[in-house]
Amino acid sequence: MLLNLLQRSTHARKLLFEHVPKCGGTSMSDYFRRHYVVSATFDRYGARPHEQEEFLALPETARHSYEFVLGHGVHPLLDHCDPGMVAVTILREPVARIVSHYYFVKATPGHYLHDRVMREQMSLREYAASGISNELRNDMVCRFLGVTPDEAEADPEGSVDAAWNVLQERYDVVGVLERLAPAMEAIRAAAGLSDRWKDRRINRTKGRVPIEKVSAEDRRVIEAHNALDIELYRRVEAVAPK
C-alpha cells in the first residue's frame with residue numbers, strides 16, 4: 001500500500017487546493033489525499049496559529065518539496081511553492097454558501113462560532129448580518145486578494161476585477177460546486193491524478209433548509225453582505241468547466 005501511495009505521488013503533479021469554506025472542499029480534499037503521501041503534504045486544516053509563518057520561513061528547497069498544499073487560506077502560499085504547482089479552487093453560489101454556513105455552524109459544537117450563535121439564538125438573517133466572521137461577508141473576493149471586507153468594499157468594482165484577474169492568471173482550474181463533476185475531471189486532467197472522481201459527498205450540512213425555501217428577506221440580507229462575491233461567482237460560473 002505504501003509503495004502504491006509513493007507511486008501515485010511520483011506521477012501526480014504538485015497541487016495547491018484553496019478550500020473556500022462551505023464549497024464542498026472536504027469531499028475534494030479526501031479525494032486529493034489519495035494521490036499524495038502525507039510526508040509531502042502541507043495541511044492548513046486545524047493549523048497552529050503560526051504554522052503558515054513557519055512554512056514561509058522554510059528554505060526554498062523545503063517549501064518546493066511539498067507536493068500537495070491544501071486548506072482554508074493557502075492561497076498566500078502559492079507564490080512560495082514550487083512554480084510548477086497546479087492551483088485549483090471551487091466556488092459556490094454565495095447565497096447557498098451562507099445558508100450552508102449557518103446550518104453547519106449550528107450543527108457543529110466544535111465550530112468557533114457555534115456557542116455564540118446558539119447562545120444568542122441567531123436566525124439566518126441575523127447571522128448573515130452579524131459580522132461575527134469575515135467568512136460571511138464577500139469572503140471569496142477577500143481571500144483571493146488578501147484584504148478585509150472594508151478594504152474590498154471601498155472599491156467594489158475594482159476589487160471584483162482584481163479577484164477575477166487573480167483566478168484567471170494564477171489558477172489552473174476554477175470550478176463551481178453546482179457543476180462539480182466536470183470541474184473535478186478538469187482538475188484530475190491538469191494534475192495527472194490516477195483515480196477518477198466519484199461524487200461521494202462528505203461533511204454535508206444536516207438540517208439545512210433547502211435554498212428555495214429561504215425567505216426573500218433572508219436572501220436580500222445575504223445578498224447585501226455578499227454583493228462582490230455574487231458578481232465574482234457570476235463571472236466564474238460563466239466559464240467554469242461544464
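The following legends describe views of a predicted model.

**Figure 1. Overall fold of the chain.** The secondary structure of this predicted chain consists of 13 helices and five strands. Along the principal axes, its C-alpha atoms occupy a box of roughly 55 × 40 × 35 Å. The radius of gyration is 18 Å, which agrees with the value near 18 Å that a compact globule of 242 residues would have.

**Figure 2. Interior and surface of the chain.** Of the 242 residues, 47% are buried. Among contacts in the chain with a separation of 6 or more, 74% join residues 24 or more positions apart.

**Figure 3. Geometry of the packing between helices α10 and α13.** Two packed helices are described by the angle between their axes and by the distance between the axes. Helix α10 spans residues 156-170 and helix α13 spans residues 227-239. The two helices pack at an angle of about 35°, and their axes lie 9 Å apart. The crossing of α10 and α13 is right-handed.

**Figure 4. Residues in the contact of α10 with α13.** From α10, the contact includes Pro-156, Ser-159, Val-160, Asp-161, Ala-163, Trp-164 and Leu-167. These residues meet Leu-228, Glu-231, Leu-232, Arg-235, Val-236 and Val-239 in α13. By class, the residues of this contact divide into nine nonpolar, one polar and three charged.

Definitions and conventions: Residues numbered from 1 in each chain as written. Predicted model: local features only at pLDDT ≥ 70, side-chain atom pairs only at ≥ 80, totals over all residues. Heavy atoms only, no water. Axes fitted to C-alpha atoms, helices over the stretch in contact; angles between N-to-C directions. Helix = DSSP H or I, 4+ residues; strand = E, 2+ residues; numbered from the N terminus. Left-handed = near helix turned anticlockwise from the far one by under 90°. Contact = heavy atoms within 4.5 Å. Nonpolar A, V, L, I, M, F, W, Y, C, P; charged D, E, K, R; others polar. Rg over C-alpha atoms; globule rule 2.2 N^0.38 Å. Buried < 20%, exposed > 50% of the residue type's maximum accessible area, 1.4 Å probe, protein only.
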